[in-house]
Amino acid sequence: GLLLRMHGLGTESLWLDEGIVLQEVRHNPLTGFLSGRAHFLGHPPLGLAALKLWSLLMGEGLATARLFTVIMGTCTIAALYLLGRKLTGRVAASIAAILVSLSTYHIVYSQDISDYALLGLEVVLALYLFLRVSESPKPASAAAFALVNLLGLYTHTFYLYVAGAHLLAAMVFC
């Protein structure tokens, strides 16, 4: 999955959304968020702040910025394997991980400088942790679940649906 996401990483041209994100990252992303400029869709600041930290550590550049989302997308494959193993077993988990590894859409969004790769990782991790907590409510698992949900809420407004679904499932099934 990593090799497919790395292929041609710096060759695609920059598109409008990526340009806006990179412009915000070059400035202080939290200032942009507070002024309403951060990512014209009104996204919460975690994606921009994480990308800013990444660029401070790894340097600026198109391929470097895209590498951050490649890593998030690749981690999603591993998280999906863990989730699939918990739900069905190793064979189905391996098939699911292979299918996501080869998914054109997942590859494209894993190479795109946006919040979507991070959001996908948080969604899969939250579901995995939700299942762990519902099976055996240990404090460490509950704290990890709460942390991933908090990070998800600070990553994208769509995460409200994920958190709401977890709340509803907890009320109905637990």
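Helix α9, which spans residues 139-153, supplies the largest share of a nonpolar surface patch, namely 4 residues. The model described here is predicted. The patch covers about 550 Å². Its members are L147, L150, L151, L153, Y154 and L160. One of them, L147, sits in helix α9. L147 has a relative accessible area of 47%. Partly exposed residues fall between the 20% limit for buried and the 50% limit for exposed. L147 is therefore partly exposed.

Helix α9 also packs against a partner in the analysis of helix axes. Helix α8 is formed by residues 116-135. The axes of α8 and α9 come within 9 Å. They cross at roughly 155 degrees. Angles over 145 degrees count as roughly antiparallel, so α8 is roughly antiparallel to α9. The crossing of these two helices is left-handed.

Salt bridges were examined next. The structure holds 2 of them. In one, E18 pairs with R66. The closest N and O atoms of this pair are 2.8 Å apart. The two residues belong to distant parts of the chain, 48 residues apart. E18 lies in helix α2 (residues 16-26), and R66 lies in helix α5 (residues 62-87). E18 has a relative accessible area of 1%, so E18 is buried. R66 has a relative accessible area of 3%, so R66 is buried too.

K86 and E135 form another salt bridge. Here the closest N and O atoms are 3.0 Å apart. K86 lies in helix α5 and E135 in helix α8, so the pair ties together parts that are 49 residues apart in sequence. K86 is partly exposed, with a relative accessible area of 27%. E135 has 55% relative accessibility. The limit for exposed is over 50%, and E135 therefore counts as exposed.

Helix α5 thus contributes R66 to the pair with E18 and K86 to the pair with E135. Helix α8 holds E135 and runs roughly antiparallel to α9. Helix α9, in turn, gives 4 residues to the nonpolar patch.

Technical notes. Residues numbered from 1 in each chain as written. Predicted model: local features only at pLDDT ≥ 70, side-chain atom pairs only at ≥ 80, totals over all residues. Heavy atoms only, no water. Patch = residues over 30% accessible without salt bridge, like charges linked within 9 Å, V, L, I, M, F, W, Y side chains within 5 Å. Areas by Shrake-Rupley, 256 points an atom, 1.4 Å probe, with all protein chains shown as cover. Salt bridge = Lys/Arg side-chain N within 4 Å of Asp/Glu carboxyl O. Buried < 20%, exposed > 50% of the residue type's maximum accessible area, 1.4 Å probe, protein only. Axes fitted to C-alpha atoms, helices over the stretch in contact; angles between N-to-C directions. Parallel < 35°, antiparallel > 145°, perpendicular 65-115°, else oblique. Left-handed = near helix turned anticlockwise from the far one by under 90°.
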